[in-house]
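Reader: I would like to know how the labels used for a structure are decided. Please take them one at a time.

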Amino acid sequence: MTKQRYNELSDQFASLIDGRVEYETTHEDAGDAYSHLAREGGWGHGNGLDRLKEWMSENKIDVPNSFDWASFEDEVLDWHEMEPGHIFSGGSDSGRFVIDSYLVGEIEDQYCLSDLSGWLEISEEEAGEFLELAMDDNRFCLRDNYGDGVFSYVNTDSVWIACVSKEWIIERIDWAREELEQN
């Protein structure tokens, strides 16, 4: 394989890897894969309800007497949104309450010879030759998949942020207030 051909394939392969990183760090479906984590530790260990009450107080959001905090807690944990961010993203602000954030960290992806040959529009033989050279290229972090392709690894500082907007909180409290007034 010529150096020029290797460089062409390297650019295409890097684009494949970059596309996967972009998906894992920005696509709504990828973020939804982290949404269950709000219930699995961060809320309880991080004094979630106390932090939420403090945030609401700071933002002058009043709740009615006999407010059902347990139901509200469940709704916050069930209906929060996931936003992409990075490890230096800010926390709660006047427009949103941050439940927690979850590090994406390392992204591993598998590239089998047959798939890679299809994506790069080359033969499996050329894909194998390309990967042999790519294994020694510092541009990529690869591990051999027992001769049937490679695993690629990319480390990121990306996180998924679980949060609820101030508007959502106010709407939910208004709804609860109306419900209490009817009873």
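Author: Strand E4 and strand E5 (residues 149-155) pair in the antiparallel sense over three bridges. This is a predicted model, in which local features need pLDDT of at least 70 and side-chain atom pairs count only at pLDDT 80 or more, while totals for chains, interfaces and linings use all residues. Residues are numbered from 1 along each chain as its sequence is written, and side-chain values use heavy atoms, with hydrogens and water left out.

Reader: What makes E4 and E5 a pair?

Author: Two strands pair if DSSP finds at least two bridges between them. E4 and E5 have three bridges, so they pair. Strands are DSSP runs (E, at least two residues), as helices are (H or I, at least four), numbered from the N terminus.

Reader: Which residue in E5 is the bridge partner of Arg143?

Author: The partner of Arg143 is Phe151.

Reader: Why do E3 and E4 stand at the edges?

Author: The open sheet has the order E3-E5-E4, with antiparallel pairing. E3 (106-112) and E4 (142-144) each have a single partner strand, so one side of each lacks a neighbour in the sheet.

Reader: Why is Ile169 called buried?

Author: Buried means under 20% relative accessible area, exposed over 50%, and partly exposed in between (1.4 Å probe, protein chains only). Ile169 is at 0% relative accessibility, so Ile169 counts as buried. Ile169 is found in helix H8 (residues 166-182).

Reader: What is Ile169 in contact with, leaving aside its neighbours within four places in sequence?

Author: Contact means heavy atoms within 4.5 Å. The residues in contact with Ile169 include Leu52, Trp55 and Phe97.
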